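User: Hi! I'm new to reading protein models. Could you walk me through this one?

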Amino acid sequence: MRNSLPAGLIAIALLISTGFAQTAPENKEILSNGSLMHSLLAKPVLGQPYSAVQVHSTKRQLSDGTNIAHDGHHFIARDASGRVRVEVRMANATDGHSENILVFVTDPEAHTISTWVTGPGANKIATIVKIPDEKSGTTKTAPVQARQDTRPQPIITTEDLGNDILQGIPVTVVKTTTIVPAGRSHNDAPITKSDEVWTSPDLKLILKEQWEDPRTGERTLSLEKISRADPDPALFRPPAAYTVKNLKQSLQELEEKLKATQN
């Protein structure tokens, strides 16, 4: 992997994640399910450390009976101070080498998002972005007037399925069923889809979520191999051999490399 590739990926990912973090819906609590965006948007959780592997899978059956399945996984950890590490797998291991992993770390105390790449060809640069403190206040733009939706509206029902235990952790289970009426999505008959969520009130964490939609099949996200021990503090710091830069420095370096390739 060329060194310019990780730099470009890091810059783009940081810009996107920072934008989402600043535009999170107000007055709406977002709980992490182990995915990158949920982890960036979720409010910090203190005193409830954990580490786990998020496993995601999709299953779909075509009209001719053909089954299509896909699965993947990544590591996630949260320490007692609320710092979160999420790993995004970029390339599979080959020829006995380690795979390339893009690491994100959010620090609610320092108000930063850090990211770096590990694996063969990594450029050993960590980029840190400062996130504005919500207390400082930001200018709010006027809401855009939504265009009136004249299509038939979905019918949404929520069912409390009670309590359960997942991996020894008490959870609450809620199922939401949505009926998409005929004509809303170019469908000539109603479509029924469901979303079932297993939530740990203690950890403020979604341990499992399962969606079923006849158009896209079944999709599942679940946290496996959960440990409630406080993770190694080293997981939340760039590796010792890495150079730490801010976003401006990383973007300038990327721009210089791009100019060099054009000359």
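Predicted model: local features only at pLDDT ≥ 70, side-chain atom pairs only at ≥ 80, totals over all residues.

User: How many bridges join β8 to strand β9?
Analyst: Residues are numbered from 1 along each chain as its sequence is written, and side-chain values use heavy atoms, leaving out hydrogens and water. Strands are DSSP runs of E with at least two residues, numbered from the N terminus, and two of them pair if DSSP finds at least two bridges between them. Strand β9 covers residues 191-200 and runs antiparallel to β8, and the bridges joining them number nine.

User: Which residue in β9 is the bridge partner of Thr176?
Analyst: Look along β9, which is joined antiparallel to β8. There, Thr176 has as its bridge partner Asp195.

User: What stands opposite Thr157 in β8?
Analyst: β7 and β8 (residues 169-180) also pair in the antiparallel sense, over eleven bridges. Opposite Thr157, you will find Thr177.

User: Is Thr150 buried or exposed?
Analyst: Thr150 lies in the loop between β6 (125-130) and β7 (155-166). Buried means under 20% relative accessible area, exposed over 50%, and partly exposed in between, using a 1.4 Å probe and protein chains only. Because its relative accessibility is 71%, Thr150 counts as exposed.

User: Over the face of which residue does Arg219 lie?
Analyst: A charge sits over a ring if NZ of Lys or CZ of Arg is within 6 Å of the ring centre and within 35 degrees of the ring normal. At 3.9 Å from the ring centre, Arg219 lies over the face of Trp211.

Key: Helix = DSSP H or I, 4+ residues; strand = E, 2+ residues; numbered from the N terminus.
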